[in-house]
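Here are my notes on this structure, as numbered points. Please keep the sequence and the view open while reading.

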Amino acid sequence: MPQPVDIRLTVNGQAREGRCEPRKLLVDFLREELGLTGTHIGCEHGICGACTIFYNGEAARSCLMFAVQAEGAELITVEGLAKGEELHPMQQAFHEHHALQCGFCTPGMLIAALDYLKINPDPSEDEIREGISAVLCRCTGYVNIVKAVKAGAAAMRREAGQPDP
Amino acid sequence: MKPAKFDYYRPGTIDEAVVILERYEGDARVLAGGQSLVPMMNFRLATPAAIVDLNHIPRLSDIAAADGVVRIGAMARQRQIEFAPLVAERLPLLHEALRWVGHLPTRTRGTIGGSIANADPAAEIPMVLQVLGGEVVVRDLQGGRRIGAPDLFLGPLTTSLEPSEIITEVRFPVMPPGTAFAIEEFARRKGDFAIAAIAAVLVPEGERCRVARLATAGVGPVPVRLREAEAILEERGLGEAAVGAAAEKAAELVEPMSDHNASADYRRHLTGVLTRRAVLKAIKDHQHAATG
Amino acid sequence: MSEGRAPHIGRSLLRREDRRLLTGRGQFIADLELPRMLHAAFVRSPVAHARIRAVDLSVAAAVPGVALALGGAHLVQELPPLPDTQLSLPSKWTSHVEHEFHNPQQPGLAHDKVRHVGEAIAVIVAESRYAAEDAAALVSLDLDALPAVVSAEAALAPNAPLIHDHLRTNMFGAFSITKGNVNSAMAGAPHRLQRRFYHHRYAAMPIECRGVAALYEPRTDAITIWSATQVVHWVRREVAAILGMPEARVRCVALDVGGGFGVKGHVYPEDLVIPFLARRLGRPVRWIEDRHEHLLSAAHSRDQLHEVEAGFDDDGRILALRDKFILDCGAWNPIGGGVPYNTAAHLAGPYKIENLAVSARTAATNKVPNTAYRGAGRPEAVFAMERIIDLVAGELGLEPAEVRRRNMIRPDAMPYRAGILYRDGEPIVYDSGNYPAGLQQALDAIGGVEAFRRRQREMRREGRYLGLGIGCYVEGTGVGPFEGATVRIDPSGRVYVSSGASSQGQGMETIFAQIVADAWRVAPDDVVITLADTAAIPAGSGTFASRSTVTLSAAIHHASERVREKAFAIAGNLLECAPDDLELRDGGVGVVGVPGATVSLAKVAQAARPGWDHGRPPGIDAGLEETRYWEPQTVTWSYAAHAAIVDVDPETGRVAIDKYVIAHDCGVVVNPLLVEGQIAGGTAQGIGGVLLEELPYDSEGQLLAGSLADYLVPTAGDVPDMTMVHQHTPSPLNPLGVKGVGEGGAVAPPAAIANAICDALSPFGVEFNQTPIKPEQIVKAVRPARPSPRPSPRARGEGGTRAAGG
């Protein structure tokens, strides 16, 4: 019988718990059981990337996971990027470069961009385009997102104490 | 679209997993990366009575090499494999192929075993298994067996796996140093499934070609080796005429399907074009590596 | 309160919307939680055309957690259908344009027939969406299949199966317009060419699907509806009418909306059904559309087939143009003749065409209904016209850019009377602009035509095929009938503005704060903008058709004038001077030339209040607020020239965009950063439309694109970088001189890219006169022909090479 399951996990650095059916998608669990509505649903077939979150430090599509799979996991959602009122450098870069319009893909885009920078911290524009092609945006035409990711990456490298080339 | 209800199991060992599969007599599905299964479940195109989650079984994602064979646990994530130095060194074709598989976030979860068991005709990993002559290690209640690539893929989304068999490991012969290789893929957008793809693995010897391996994705119900095209290269070498002839032969050999993405005719045409390009790229990269 | 530092108009202020959207604190319809809320799922038709014999809901209704299962047969007894059109054409139009309309009225749920795959037949309301879908899967449908009509031409053929039996026709509408004398001009033209152009079916595909929630309050017998809509006042109007409630008891609000682009720009059956269910059940009900549903039931667009004949002279001047087109409208026609008439009105574009005849028919088919999507009929017109220009150039051995120059209306001919009516019933007058300069800017930005031709020749020698394509258009923006603004000065001194306009990402909270800040000499932070709420203003039109900046800025201007008069009267009273000696400055009102003599807006607002010991002079009544509805006489005309360089691989058919430039003019620009964002987004959609996106149907009316795996929205890897250059010819038709820009980007790319591909492949003598242009089609087109080393002169007929120009 698909009895509800208890789930304990860490989200944005906080211990959280909830209870749901095994079939409940992780994105729905985050949004409904945990009240974290910043992660959005655009397709539920793993294509649009709006639901992208950090799962144990790597970006994953939360519409393609069941909540039960996140037992014991450490998740970061868009709500966990800023430090209080201080925006993450990538959020700040998106703001300064007008890299969002309706904002619906933005949480997924931020996480996918940050994930890509983990494997390629100083990407070229073409590499950025490839990296963010994991998330669909219908409003911006990507032009400003590419600029924002480049600027955000540079800001992050400066924060990490790496010299600019 | 939300999935239908199912019983959920999180076995701690493969043996436990296999027992559950047997019990459900084909109405249970194994959950590996979920990148293929969960969309189907969200569409309610797949409505298994039970899900057997393999993600908590230890030691299923190790990557090791011994005796000329690279052994990759079936639950190794595509992302993990992409960044494994051992793979880059001993199986550079697989390393290269992974760049074409979906996007980084799908590779975070997607597994090598899952991709192979799913057997999408347009997927890159089954093509690599075919071209490198790999095999899978499979476990069931009775014990286990090994299935080589040619015997594994039967048709679109169909393998010779029984419903209660689970892939535990994927094995590839190490690519000898000095092997030339390339993948040429045509998809509508990068990261999409291949409309046509060719993997080429060559062992050049001057102008001659000691060994040639060519395999396909997207141009038939299963990934296939293009043996007659390989023979042309092995007999006639790697000059322009021979490569052209091998490409033409490759186009003749495939039996592509037509669908609303692309016609059979077009896929056949691409097979020829991509075979030529893959062989030329393999040679070119090999020369650069040799001189660079 | 901070100081104002005008002007803010023209500055690239960063958006105030961003913080909440960047930190996951936006509120989209799916984020709305209401106490005891229930969730709806619709049962949708699996077949394209059938009589509904029976819908058995009994098993579904018995599923635990289900509150209600309702079918069309029951609903039709309780609710009237939607009206036959939601976007009416004014009497100025209907009395002057030859037309006929036969529009059906769509019910909330299908009850007699299903008319497209995806049409809603029943609705389940349950404790969760999961449970509702479980129940929906248990509904059994007894449908008598009917033959499916899947092409507009077939729909209009005699003896075609009827989609709406009572209409006795599959022709939803037809109209024709003429200018001059096409027959004689065509007969006398030295050259003629004829082509068919097909602009295929694709759609807006916002990342957020639709969604509606409703809450019924028994205490006040009132309903609140939250909908991801562009038109809150339309929803309020239709729901009130259909539920039999006064409009004052129905409130519609749009929260944050994740992209609209037109697909959320009319009232859908779900907008009626959900409020009905909320009232019936006495609990809030919410429905969130999923992507599969969206593909099968949210409006599609484009899908026009044109037969065009052009007569021209030896210099490439177009003497006569005839266009007969059919629009495949799908099973319903919610917004009537708006889109096809846009096509007709925009066909001639920036060109002087003295003899024009356009006739259109809108056909019903068994497909998803067709309404407006970014461009709304203009991309189809521009595709036909811009391809014709290139074909004329090819016939005569001229550069396409030169043929454009020869036909373009010159700046000294502005304002230019086009000789036909706009859909607002007014004669079209291109009010301002310099079309040849815009074209030249685009060509300069692309590096110049001659330099390109040199590069093209070089590349061809290496077996590479580069092509240059141009797409020019004009766009009527800021259409009526009206938009309203309420401007109020609050006792805190802040300026409150509310309007029926709504944002789906355009940044309206920011740009209208800029406009109001300049009008009132306050800081943008001291402006509060309320949009998309029928409770905030009695009447509104909504956001579509590139109209909100134009219409709302004018409404704000006129409302502000009235409030200012009053504010000056009151301030004069407080400062003991004449109102004529006053000016707005630094968040207050002050005496001209006397820096210290100021009173803050807060003080003025407080003095304006009703009550004893108020500060108003005699004759001035209380309150510092005004609502004005601006009814534009007609539209104001933006324009642009797009130019693209493509690199076509004839072996695989892949098209890479090497360079893309946009030369754009939308008059006075309020926020350059946001304007460029609109252009980029529209352009990406246009590129997706011509190269990737498709909504194909099979012969049984099954939609072959059921997911985003099939419907290929462009990714960052598919969209090039873009260069934008601007002209600013202010509009003479509104106080700020602004023109609309929301749609433009999507209008030209199909034409520019198609022209570029044809130019690239000119050695092969191929033409592409339909969209999408897919790699397989390119390979098929070039394979039989071997490229000739030197292009040969063109033969008459369908194919043929272009002679090299320049």
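Which residues of α11(C) are buried? Point 1 takes this up, after two remarks on the basis of the notes. This is a predicted model, in which local features need pLDDT of at least 70 and side-chain atom pairs count only at pLDDT 80 or more, while totals for chains, interfaces and linings use all residues. Residues are numbered from 1 along each chain as its sequence is written, and chains are lettered from A and ligands numbered from 1 in the order in which they are written.

1. The buried residues of α11(C) are Gly338(C), Val339(C), Pro340(C), Tyr341(C), Asn342(C), Thr343(C), Ala344(C), Ala345(C) and His346(C). The helix spans residues 338-346 of chain C, and nine of its nine residues are buried. A residue is called buried if 20 or more other C-beta atoms lie within 10 Å of its own, exposed if 12 or fewer, and partly exposed in between, with C-beta atoms placed from the backbone. Helices (H or I, at least four residues) and strands (E, at least two) are DSSP runs, numbered from the N terminus.

2. Helix α12 (residues 378-396) of chain C packs against α11(C) at an angle of about 35°, and the two axes are 7 Å apart. Axes here are lines fitted to C-alpha atoms, for helices over the stretch in contact, and angles run from 0 to 180 degrees between N-to-C directions. Asn342(C), Thr343(C) and His346(C) of α11(C) meet Arg378(C), Glu380(C) and Ala381(C) of α12(C). Two residues are in contact if their C-beta atoms, placed from the backbone, lie within 7 Å. By class, this contact has one nonpolar, three polar and two charged residues. Ala, Val, Leu, Ile, Met, Phe, Trp, Tyr, Cys and Pro count as nonpolar, Asp, Glu, Lys and Arg as charged, and the others, Gly among them, as polar.

3. Strand β27 (residues 636-648) of chain C has twelve of its 13 residues buried, so it is largely enclosed by the rest of the structure. It runs antiparallel to strand β19 (residues 465-477) of chain C, with 13 bridges between them; Tyr473(C) has Ala640(C) in β27(C) as its bridge partner. Two strands pair if DSSP finds at least two bridges between them.

4. An open sheet of four strands has the order β22-β21-β20-β26 (chain C), with mixed pairing. β22 (527-531) and β26 (625-630) of chain C are at the edges with a single partner strand each, so one side of each has no neighbour in the sheet. The twist from one strand to the next averages 15°. Strand β20 (residues 483-489) of chain C pairs with β26(C) in the antiparallel sense over six bridges, and Gly484(C) stands opposite Tyr629(C) in β26(C). Helix α16 (residues 508-520) of chain C packs on this sheet and touches β21 (495-499) and β22 of chain C, its direction making about 135° with that of β22(C). Helix α17 (residues 548-575) of chain C lies across β20, β21 and β26 of chain C, at about 35° to β20(C).

5. Seven strands form another open sheet, in the order β3-β6-β1-β13-β10-β11-β12 (chain C), and the pairing is mixed. Its edges are β3 (66-71) and β12 (250-253) of chain C, each with a single partner strand, so one side of each is left without a neighbour in the sheet.

6. The contact between chains A and C takes 44 residues from chain A and 43 residues from chain C. The elements giving two or more residues to the chain A side are α2 (89-96), α3 (106-119), α4 (125-132) and α5 (143-159) of chain A. That side has 21 nonpolar, 16 polar and seven charged residues.
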